[in-house]
Every structure is written in C-alpha cells, then in structure tokens.
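Hello,

Here is the structure I promised to pass on to you. Have a look at it first, and then read my notes below.

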Amino acid sequence: MSAPAGDTRVAAVGPGPARAVPTGREVTDPLLSVRDLHVRFDEIHAVSGVTFEVARGEFFGIVGESGSGKSVTARAVIDLLPSHAQKRGQILFKGEDLLQARPKRLRAIRGSSIGFVFQDALAALDPVYTIGDQLVEALLAKRSMRRSAARRRAADLLDEVGIPDPRQRLDSYPHQLSGGMRQRAVIASALIADPELIIADEPTTALDVTIQRQVMELLQGIVESRGVAVVLITHDLAVVAETCDRVAVFYGGTIVEEATTTGLFAAPRHPYTAALLASLPRMGGTGEFRPIPGNPIRVATELACCPFAPRCANVVDLCRQRVPAEQTDGAHRFRCFRPEDPR
Ligand SMILES: Nc1ncnc2c1ncn2[C@@H]1O[C@H](COP(=O)(O)OP(=O)(O)O)[C@@H](O)[C@H]1O
Ligand SMILES: [Mg+2]
C-alpha cells in the first residue's frame with residue numbers, strides 16, 4: 001500500500017482518485033474497531049461507552065467541544081494514557097484487541113502500523129537536532145540502511161509532505177521552520193513507519209486558517225496516495241465538512257451522533273449536532289457564530305441520563321432519567337429521545 005519512495009508529491013491535491021467510502025456503519029473488515037470503550041480517571045468518567053469503526057483508507061472525523069473525551073479516546077487507542085487511567089471495552093486493530101496486548105506488542109504497533117500527529121508540532125520535534133538528523137535516526141532505527149540512503153529517503157519524505165527545497169531543509173532546526181512546515185515535518189516522521197492508520201489530534205489548531213487548510217489537504221493527499229486511514233480529531237465542524245468521509249460527534253464522553261459527513265450536514269438528527277451546525281458561520285453570511293446556550297458538562301459521574309439534556313432545546317423528562325439507546329437510520333446513528341426530523 002505504500003507509495004514508491006521519492007516520486008509522490010501529495011501536497012498539491014485536487015479531487016483524488018475515487019475511494020471506496022463506506023456509506024453507513026456497515027464497515028466490513030474494519031481497520032480499527034472501538035467497542036464500548038470506557039475510560040475513567042478515578043471519579044472522572046472521561047469516556048463512557050464509545051463505539052465506532054474506521055475502514056481502511058477512510059478519513060474519519062471526531063468532533064466535539066473541549067473536554068468531550070476526544071483526546072482520551074485517541075490516546076487509549078495507542079496506549080498513551082497515564083497509568084492511572086482505568087480502561088474497559090475493546091480496541092480492535094486488524095482484529096487484535098490492543099487493550100489486551102502486552103506493552104512490547106503495543107510499542108511495536110505504535111512504531112509500525114499506527115502513526116500519531118499531535119497539536120503541538122514543536123513539542124513533537126527535538127529542538128537540539130536538525131529535522132534531517134531526527135528523520136535519519138528514525139529511519140535507521142526502523143531498518144538497516146546506509147546513512148546516505150537514509151538521508152535521501154528523509155529528503156524524499158520532506159518532498160512528499162510538500163516542504164520546498166527538502167535537501168536544504170534537512171539541515172534546519174525545528175525553530176527555523178514555520179508552524180505549518182513544522183507540522184508537515186511531523187507528518188513526514190509519522191510516515192517513516194509506513195503506517196496503516198494515522199491519528200491526528202487537533203493537528204492544525206495552533207495554525208492560521210490558510211495553513212490549516214493546506215495541512216488538511218496534505219493529509220487528504222496522503223489518504224489518497226498511500227491508502228492509509230486517518231482519524232482526525234477537531235473541535236471545528238468546518239474542517240470536518242471539507243475533509244472527512246464520516247464523522248462521530250462527541251458530547252460528554254459519548255458519541256451522540258455518527259454519520260457520513262454529507263448525511264450529517266444534510267440532516268443532523270441529534271439536537272447537539274443541529275445546534276453546532278446552526279452555530280457555523282454561513283457561506284456569504286456575517287460570519288458570526290451563534291453560541292449554544294448553557295455550559296458543556298463536566299464529566300464527573302457515570303452517565304445516568306442524556307449528557308446534553310441541560311442545554312437541549314428538545315428536552316423532555318425522559319432525557320433526564322435515562323441514557324438514550326442508540327438508534328440507527330440508514331447510515332446515521334444517534335442517541336436521542338427527541339431527534340430532529342430527517343429533512
Ligand atoms: N490525565 C487525566 N487525568 C484526569 N482527567 C483527565 C486526564 N486527561 C483527561 N482528563 C479529563 O477527561 C475529560 C476528557 O478530556 P479530553 O479527552 O482531553 O477532552 P477533549 O475532547 O478536549 O480532547 C476531561 O474532563 C478531562 O479533564
Ligand atoms: Mg483534546
């Protein structure tokens with residue numbers, strides 16, 4: 001599935017070749033399958049019963065407000081949670097349950113099949129080594145090759161992620177690159193292992209809108225040229241609209257709605273999603289956000305009712321008494337007693 005070394009530029013992306021995008025939740029032979037995941041930090045229930053699947057080569061979005069459990073879910077997948085986190089459920093990667101895997105096996109999977117890109121590119125790179133040295137060392141750790149060949153490969157990777165003058169750039173230190181170029185370098189290092197899945201947690205939050213769009217186009221290009229799957233975590237629905245095949249909406253540590261991106265934007269079923277969409281600036285409109293009234297919940301106890309009930313315009317008594325069961329409507333899944341009408 002990997003691209004041939006050197007000759008694939010994916011930075012400039014038009015509409016790519018058609019991909020097999022799943023249309024519903026019936027992802028056959030999923031690459032990643034998270035089933036009923038719960039994560040607690042003592043009394044804090046950060047994640048409560050999260051279930052989703054990601055197909056090979058799919059661009060999957062996770063969207064939700066700050067504190068809704070997105071990063072904890074992502075970190076659970078690659079075992080990067082602090083040791084006091086209590087986890088239960090299943091995280092199947094190509095059928096293997098990562099929650100049951102030994103640390104050595106997990107390290108091997110992290111170093112090969114699953115790549116990670118965090119928000120803070122500066123923290124992901126070592127300030128005292130050049131970009132080239134960092135990529136070369138990572139390449140040499142991965143397979144035996146001559147240093148000169150590793151350097152050529154490192155330049156090819158920088159070229160693949162759209163960094164101009166890659167040979168010269170190998171000698172730059174992280175602080176000598178712009179924020180966008182640094183994030184590209186981090187993506188290049190995630191590609192060294194030839195991953196099948198890249199988890200990108202708010203990779204562009206620190207960047208301005210134009211650069212953000214370019215980095216997203218880069219990730220889309222990588223999905224198309226290498227056939228990797230990307231799980232993109234963001235608090236920005238506009239980013240989801242432009243990039244993702246499918247999306248899961250997180251609220252209060254659960255998925256309140258999941259759908260194809262087109263389906264979600266055409267007819268949101270959960271009132272939270274509907275409110276989020278209504279808060280987006282309209283194309284050609286004033287650009288002003290309409291905030292959702294009320295405050296996001298703090299996830300202090302086990303969920304006993306709908307977490308969105310205190311802020312919901314459609315709320316009924318039942319919403320405060322029980323957690324709504326999951327409903328499905330074609331490609332759509334949602335947890336709500338009073339969903340919006342499908343349009
Ligand atoms: N290491 C930790 N210890 C205790 N609580 C944590 C820890 N990491 C995250 N949390 C809590 O878990 C909840 C979900 O956090 P997180 O997944 O980071 O949210 P986000 O959706 O913004 O990424 C928050 O209430 C957060 O305070
Ligand atoms: Mg986060």
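Let's start with the ligand: a polar backbone atom of G67 sits 2.7 Å from an oxygen atom of ligand 1. A polar backbone atom of S68 is 3.1 Å from an oxygen of the ligand, and for G69 a backbone N or O atom is also 3.1 Å from a ligand oxygen. These are polar contacts (pairs of N or O atoms within 3.5 Å; within protein, one must be able to donate a hydrogen and the other to accept it, and residues adjacent in sequence count only if both atoms are side-chain atoms). On its own, ligand 1 exposes 560 Å², of which the protein buries 70% (accessible areas by the Shrake-Rupley method with a 1.4 Å probe; for residues, only the protein chains shown count as cover).

Before going on: this is a predicted model, where local features need pLDDT of at least 70 and side-chain atom pairs pLDDT 80 or more, while totals for chains, interfaces and linings use all residues. Residues are numbered from 1 along each chain as written, chains are lettered from A and ligands numbered from 1 in written order, and side-chain values use heavy atoms, without hydrogens or water.

The residues around ligand 1 include F41, E65, K70 and H84 (near means a heavy atom within 4 Å). Helix 1 (residues 70-77) gives the most to this shell, with three residues (helices are DSSP runs of H or I, at least four residues; strands are runs of E, at least two; both are numbered from the N terminus).

Two loop residues are worth a look as well. Most residues other than glycine have a negative phi. D42, in the loop between strand 1 (32-41) and strand 2 (44-54), has a positive phi near 50 degrees. D79, in the loop between helix 1 and strand 4 (86-93), has a positive phi of about 55 degrees.

Enjoy exploring!
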